[in-house]
Amino acid sequence: MIQPWLNGKSFLFVIAACIVTGTIFYSQYLAKKIALDEKKKVELWVEAQKTIINTNDQTSFNLAAKISSENKDIPIIETNEQDSITSNYLNLDTNKIKSNPSYLQSKLAEFKNQHKPIILVLSETPYQFNKYYYGNSVLQQEVLYYPIVQLIIAGLFLIVIISAQRTAYISTQNQLWAGMAKETAHQLGTPVSSLKGWIEVLKEIKGTEKISNEIDRDIVRLELITDRFGKIGSRPQLEETNLVEQVKNMVDYMKKRAGGKVEFTITRDDNENNISAMISPPLFDWVIENLIKNSLDAMEGNGRITIYIHDTTTKVMIDITDTGKGISKPNKKKVFNPGFTTKKRGWGLGLTLSKRIIEQYHKGILSVQASEPGKRTTFRIELNKG
């Protein structure tokens with residue numbers, strides 16, 4: 001399904017592309033027009049130089065001098081027949097000419113690549129002439145670079161708009177998640193309260209102790225689920241918790257529902273029994289439960305689940321490894337996407353919720369640490385200490 005923000009992005013991209021394309025074509029048109037105009041100016045300037053050299057008429061001399069002085073933006077270098085630079089050049093950086101002996105040669109090479117020289121014949125017998133090489137004016141350079149500037153501006157515009165759209169889309173998604181979770185908690189609350197009342201009635205009937213105790217445990221479980229859903233969308237209260245005990249309790253709970261063909265192992269550095277981090281216990285249990293359920297589904301009820309709790313100076317890392325069918329490389333980036341699942345049954349929300357809980361509420365990281373198709377998969381939880 002194409003996401004709404006993606007449609008908007010495509011539309012904006014087309015608009016930006018049209019603007020940039022139109023700007024490039026128009027800039028090229030202006031650049032060619034300016035280039036022709038500047039060529040005429042240089043030709044006129046060269047003719048003025050010829051007049052200054054050859055005329056004896058004061059009026060013609062003054063007019064040529066005026067034309068020559070009006071060129072204040074087009075850089076020109078004069079050379080002789082052998083392409084040796086004479087002392088005549090115009091609109092170049094005099095400070096660089098004095099400090100860098102090769103400056104004029106580099107500018108001459110640059111001008112040769114930009115325009116053909118204009119020839120001024122000095123005499124027919126013997127045949128002598130000068131060449132006048134010229135470069136682009138500041139205005140023409142600005143016109144040539146304008147499309148690049150426009151492209152950068154359009155790119156920044158797109159980035160800002162797309163980021164804003166994506167942020168708005170994610171915010172709407174988050175509100176939807178939170179709303180659904182709270183509504184679920186609300187809907188569960190009423191029947192759970194009613195069941196608690198009926199269980200008290202059932203306990204008073206002789207011979208129902210075993211049944212009532214089992215139902216009572218299920219009601220406690222429903223209350224926990226209600227509490228979990230109620231915390232989605234709200235800022236959870238984090239408390240320093242012994243992760244070793246927390247994981248052990250959840251593993252003991254899942255063992256009873258995993259069947260006898262699944263082996264569970266919990267390991268930690270130096271058999272440390274107290275590795276603490278700031279967590280919301282109900283939400284953290286939900287993550288461990290989802291990851292173990294995912295492992296059980298991958299192993300199809302037969303294999304080994306190893307949980308390794310590793311303590312560093314700043315972080316606590318929990319690796320949950322199963323001997324299941326693994327995750328293919330293309331699916332590694334999709335496993336946390338809402339609705340993605342390789343199972344015939346299920347909504348594909350467990351890993352999405354788990355990632356949201358760890359990264360949004362605990363400021364940690366949940367990732368696929370490693371996976372070998374047909375052999376094993378390791379999910380890693382990283383939590384900050386303190």
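Mentor: Let's start with the aromatic pairs: a search of the whole structure finds 4 of them. Bear in mind that this is a predicted model, where local features need pLDDT of at least 70 and side-chain atom pairs count only at pLDDT 80 or more, while totals for chains, interfaces and linings use all residues. Residues are numbered from 1 along each chain as its sequence is written, and side-chain values use heavy atoms, with hydrogens and water left out.

Trainee: Why is the pair of Trp45 and Tyr132 called edge-to-face?

Mentor: Rings of Phe, Tyr and Trp (its six-membered ring) pair if their centres lie within 6.5 Å; planes under 30 degrees apart count as stacked, over 60 as edge-to-face and the rest as tilted. The centres of Trp45 and Tyr132 are 5.7 Å apart and their planes stand at 80°, so the pair is edge-to-face.

Trainee: Which parts does that pair tie together?

Mentor: Trp45 lies in helix α1 (residues 4–54) and Tyr132 in strand β4 (residues 128–134), so the pair links parts that are 87 residues apart in sequence. Helices (H or I, at least four residues) and strands (E, at least two) are DSSP runs, numbered from the N terminus.

Trainee: And what makes the pair of Tyr127 and Phe129 tilted?

Mentor: Their centres are 5.5 Å apart and their planes are at 45°, so this pair is tilted.

Trainee: How do you know whether Tyr127 is buried, partly exposed or exposed?

Mentor: Buried means under 20% relative accessible area, exposed over 50%, and partly exposed in between (1.4 Å probe, protein chains only). Tyr127 has 46%, so it is partly exposed. Phe129, at 16%, counts as buried. Trp45 is buried with 4%, and Tyr132 is buried with 1%.

Trainee: Now the serines: why are Ser295 and Ser99 labelled as they are?

Mentor: Ser295 has 0% relative accessibility, so it counts as buried. Ser99 has a relative accessible area of 58%, so it is exposed. Ser295 is found in helix α8 (residues 281–299), and Ser99 lies in helix α3 (residues 94–99).

Trainee: What makes the link between the side chains of Ser295 and Asp322 a polar contact?

Mentor: A polar contact is a pair of N or O atoms within 3.5 Å; within protein, one must be able to donate a hydrogen and the other to accept it, and residues adjacent in sequence count only if both atoms are side-chain atoms. The two side chains make such a contact at 3.0 Å. The side chain of Ser99 also reaches the backbone oxygen of Asn95 at 3.0 Å.

Trainee: How do you know that α8 is mostly covered?

Mentor: In α8, 16 of its 19 residues are buried. The helix reaches 27 Å from its first C-alpha to its last, close to the 27 Å expected at 1.5 Å a residue; the expected span is 1.5 Å times one less than the number of residues.

Trainee: One more topic: what is the order of the strands in the open sheet?

Mentor: Its 5 strands run β6-β8-β9-β11-β10, with mixed pairing.

Trainee: Why do β6 and β10 stand at the edges?

Mentor: β6 (262–268) and β10 (365–372) each have a single partner strand, so one side of each is left without a neighbour in the sheet. Two strands pair if DSSP finds at least two bridges between them; β10 and β11 (residues 376–384) pair in the antiparallel sense over 7 bridges. Val368 stands opposite Phe379 in β11.
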